[in-house]
Amino acid sequence: MDINNHVIIAGAGPVGCTAALILAQAGVKVTLLESAASLIEDLRASTFHPPSLDMLDELGVTEKLLPQGLIASKYQYRDRTSGAYAEFDLGVLSDITKHPYRLQCEQYKLTRTIKPMLEETGNADIRFSTAVTSVTNHADHVEVTIDGPEGKDTLSGRYLIGSDGARSEVRKEMNIEMEGFTYPELFLVVSTDFPFEDHLPNLSHVNYISDSEEWCTILRVPGFWRVLFPTIEGTSEDELLAPDKIEERMQRLVKSDAPYNIVHTTLYNIHQRVAKQYRVGNVLIAGDAAHLNNPLGGMGMNGGLHDVFNLCPKMIDIIQNGASEDLLDLYERQRRDVTIDFIQSQTIQNKKNIEQMTQEQRLEHIDGLNKMIADPALAAAFLSRNNMFDALKRAAEIT
Ligand SMILES: Cc1cc2nc3c(=O)[nH]c(=O)nc-3n(C[C@H](O)[C@H](O)[C@H](O)COP(=O)(O)OP(=O)(O)OC[C@H]3O[C@@H](n4cnc5c(N)ncnc54)[C@H](O)[C@@H]3O)c2cc1C
């Protein structure tokens, strides 16, 4: 194989699969390495923002994803204690996006959609049960040691993309530090088929709910509602996951005569961290390997997709047209800067907003949002920032 036309990708999550498809559709040979035995049925991300749908559309993915999810053209900030709410309509963004809505769709549906498309290109070698274990940078290529079903082996490629998630081996191999902090509490996600829409009037598919006792988000995916709760620092995982404690939480949220049918529960550590570098020589990192944020606003996976829609066209330009490798430093400047200035700052602010405990603060927040909604220009500006258009616009301005 011609090493110069070969990119190795560690991790077949949403970010690695998308990177592989962008490159393979352009004629670059890719080897996609995944340590798990198959694509992971990961329930974490459920919100695709409009710009991500626009980008995935260029690959032919969006049309396949849309029927697998729910279109959320409106979303809400609600206060459970008073019942007040503000509802934003993404329709005001129709002039800047082909997809003026969020798609509520589990992230595993993206990777499952992409895999056969990758196979169709004839340019992708997908290897499961194969972990990247070490990486050596050379002046004009990279060497990757893998541990797979046939034992250890070494692969060479022009570049390696580390999209191997929060605990990235590629990032560790490159000694890249993650700067930032971890919240002391865990987040609990509970999925249920309980019909919240029959009990909370005018509920949309995406709802950020403040409260005097316990805030939460209620998000719809096909067949289920997913409720995200904060937890109290120091409580043991066993106690947080105990079925009777989960039942109590759900009953506090909406009283039900019958016990809740709980289909899934998971606890997550929540970080706000960004890698100090996105590039070391011929090794690039993207997605959770490069940045982590709390899930309020749904920006982690979307930000990772935006990384590879920035990085991969630059790689193609270098490989196929001899463009300067300085483009890879530009990737780092563009994506790292907006991750800090937009994604980190917005998600930290989203957490502060939803945590407000006094009724006065909460109502003031919702009142402020309703004033924005009443003015289409202000509403469009708010939605453009919160649905990641501003971050992409800013990235494009960085030279
Ligand atoms: C509760 C919750 C809700 C969320 N909701 C949203 C949302 O609505 N919208 C949003 O945008 N984001 C959301 N996120 C964040 C989102 O889930 C992540 O940002 C996203 O999964 C990152 O994708 P990735 O491909 O970078 O990494 P991952 O999805 O973690 O994939 C990494 C892959 O690499 C593989 N791997 C690991 N090590 C190796 C190795 N050494 N060699 C080979 N393969 C390896 C792993 O097995 C895995 O398949 C949420 C997160 C949480 C916790």
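Predicted model: local features only at pLDDT ≥ 70, side-chain atom pairs only at ≥ 80, totals over all residues.
Helix H10 covers residues 359–374. Three residues of H10 are buried: Arg-362, Ile-366 and Leu-369. They cover an arc of only 55 degrees around the axis, which means that they sit on the same side of H10. The general rule behind such a pattern is that an α-helix has 3.6 residues a turn, so residues three or four places apart point the same way. The face of H10 turned away from the buried side carries exposed residues, namely Glu-360, Glu-364, Asp-367, Lys-371 and Ala-374. What lies over the buried residues of H10? The cover includes three strands: E5 (74–79), E6 (85–89) and E14 (206–210).

The next element is a pair of helices, H1 (residues 14–25) and H4 (residues 107–121). Their axes come within 9 Å and cross at roughly 25 degrees. Because angles under 35 degrees count as roughly parallel, H1 is described as roughly parallel to H4. The crossing in which H1 passes H4 is left-handed. On the H1 side, the residues that meet H4 are Pro-14, Cys-17, Thr-18, Ala-20, Leu-21, Ala-24 and Gln-25. H4 meets them with Gln-107, Leu-110, Thr-111, Ile-114, Lys-115, Met-117, Leu-118 and Thr-121.

Ala-72 is found in strand E4, residues 70–72. Ala-72 has 22 other C-beta atoms within 10 Å; since 20 or more make a residue buried, Ala-72 is buried. Not counting residues up to four places away in sequence, Ala-72 touches Tyr-101, Arg-102 and Gln-104, and also Ser-204, His-205 and Val-206. Ala-72 and Arg-220 are 148 residues apart in sequence, yet 9.1 Å apart in space, C-alpha to C-alpha.

Gly-180 lies in strand E13, which runs over residues 178–192. Is Gly-180 buried or partly exposed? Gly-180 has 16 other C-beta atoms within 10 Å and is therefore partly exposed, a count between the limits of 12 for exposed and 20 for buried. Apart from neighbours within four places in sequence, Gly-180 is in contact with His-271, Gln-272, Arg-273 and Val-274. Gly-180 and Ala-381 are 201 residues apart along the chain, and their C-alpha atoms are separated by 28 Å.

Methods: Residues numbered from 1 in each chain as written. Helix = DSSP H or I, 4+ residues; strand = E, 2+ residues; numbered from the N terminus. Expected span 1.5 Å × (residues − 1). Arc of directions from axis to C-beta. Contact = placed C-beta atoms within 7 Å. Axes fitted to C-alpha atoms, helices over the stretch in contact; angles between N-to-C directions. Parallel < 35°, antiparallel > 145°, perpendicular 65-115°, else oblique. Left-handed = near helix turned anticlockwise from the far one by under 90°.
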